[in-house]
Amino acid sequence: MTDNGGATEGSGNGATGDEATVATDLERLILDAPRKYTPYQAARAAEVPMDLATRFWRAMGFPDIGQSRALTDNDVIALRRLAGLIESGLLSEPMAIQVARSTGQTTSRLAGWQMDTFLDNLTQPVEPGMTRSDVAYPLVELLLPELEQFLVYVWRRQLAAVTGRVVAAAEDHEVTSGRLAVAFADLVGFTRLSRRLEEEELGELVEGFENTCSDLIAGQGGRVVKTLGDEILFVSEDPATVAEIALSLVETLAKEDNMPALRVGMAFGTVTSRMGDVFGTTVNLASRLTSIAPKDAVLVDGELAAALDQHGTATLPESAPAPGHRFHLQPMWRRPVRGLGLVEPWLLTRVPTSD
């Protein structure tokens, strides 16, 4: 459902008449359709049971709006398409709900980030005497088609990349069994630092961290799963790729004067993927290793250390570096890790290069 509670009379949020008018005008521009239906009317027009329509809307993150006449023809079309996927047998009802939920969560975050980016331009008149509507409406009118086309382009590219990986790896046991190398990169002492920095400085630091990490991870063939302010989670089917990215992150951020130290924890094993996120013991282990890693260091679990050794990319303590060895592995003291028992971390470093 599309009602955000801010563009109707009597919404109770304290909006002035002018603010409500601006919000209404912008909503009509963005949705490209007038408000027309109550939820019941929209479900009936789409020929979708009301309980299923409600589950779809809630999965997409839309609030319950009672019997407000807040829905448009586009809401009806979206309902009809989702229900049609179920009726055709392309998706089961639980799968369709997951599609709605993952799409809603992703686009909600995207819309929030975009609003943060354009907020000043949307709310601050550029010249005295101009209203917010004078500024916001033409800006959104110009941005909307460009952002829409760019969103579709990026989504198609990402979909092609994921599909290509699945098809190409159909005979690869490591991939089809759900085994991944999982890594967390975490800024050390971020909580203490956040108490000292001004809000703008903190925002710039987080943005710089996320941008640097995301660019480096993508550029070297990893995949960012999510960012959590001072932490980023990324994966790859190839253990050597994750190892190279981890060391590169530490080396790159160490050159940034205002950036805190970085620590990375990595593990290799079976992973459950759902709605773009990853779960399971392997993910938990990577997170725990991150929490005990020294500053500007990378810790890996025994499975990832064994995979690097097996693939001929790492040198163990008892052996001399061989051609093709990029990494050195040093076992650390075994220690108890909450929820996972005794764990033997390995310190990952680069094999020194001769000048």
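## Close-up views of a predicted model

View 1. Glu198 sits in the loop between helix H8 (190-196) and helix H9 (199-219). Glu198 has a relative accessible area of 55%. That is over 50%, so Glu198 counts as exposed.

**View 2. Phe150 and Tyr153 form an aromatic pair.** The structure holds one such pair. The ring centres are 6.0 Å apart, and the ring planes meet at 40°, so the pair is tilted. Both residues belong to helix H6 (residues 132-168). They are three residues apart, about one turn of the helix. Phe150 is exposed, at 52% relative accessible area. Tyr153 is partly exposed, at 47%.

**View 3. Val152, Trp155 and Leu159 make a nonpolar surface patch.** The patch covers about 290 Å². Leu159 is part of helix H6. With a relative accessible area of 43%, Leu159 is partly exposed.

**View 4. Asp51 and Arg55 form a salt bridge within one helix.** The structure holds 14 salt bridges, and here is one of them. The closest N and O atoms of Asp51 and Arg55 are 3.6 Å apart. Both residues lie in helix H3 (residues 50-59). They are four residues apart, so about one helical turn separates them. Asp51 is partly exposed, at 48% relative accessibility. Arg55 is also partly exposed, at 34%.

**View 5. Asp186 and Arg263 join distant parts of the chain by a salt bridge.** Their side chains meet at 3.0 Å, N to O. Asp186 lies in strand S1 (residues 179-187), and Arg263 lies in strand S4 (residues 262-270). The two are 77 residues apart. Is Asp186 buried or exposed? Its relative accessibility is 8%, which is under 20%, so Asp186 counts as buried.

**View 6. Arg223 and Glu237 form a salt bridge between a strand and a loop.** The closest N and O atoms are 3.1 Å apart. Arg223 belongs to strand S2 (residues 223-227). Glu237 lies in the loop between strand S3 (231-236) and helix H10 (239-254). This pair also links distant parts of the chain, 14 residues apart. Arg223 is partly exposed, at 22% relative accessibility. Glu237 is partly exposed as well, at 24%.

**View 7. Salt bridges link Glu244, Glu251, Arg326 and Arg350 in a network.**

Technical notes. Residues numbered from 1 in each chain as written. Predicted model: local features only at pLDDT ≥ 70, side-chain atom pairs only at ≥ 80, totals over all residues. Heavy atoms only, no water. Buried < 20%, exposed > 50% of the residue type's maximum accessible area, 1.4 Å probe, protein only. Phe/Tyr/Trp six-rings, centres within 6.5 Å; stacked < 30°, edge-to-face > 60°. Patch = residues over 30% accessible without salt bridge, like charges linked within 9 Å, V, L, I, M, F, W, Y side chains within 5 Å. Areas by Shrake-Rupley, 256 points an atom, 1.4 Å probe, with all protein chains shown as cover. Salt bridge = Lys/Arg side-chain N within 4 Å of Asp/Glu carboxyl O.
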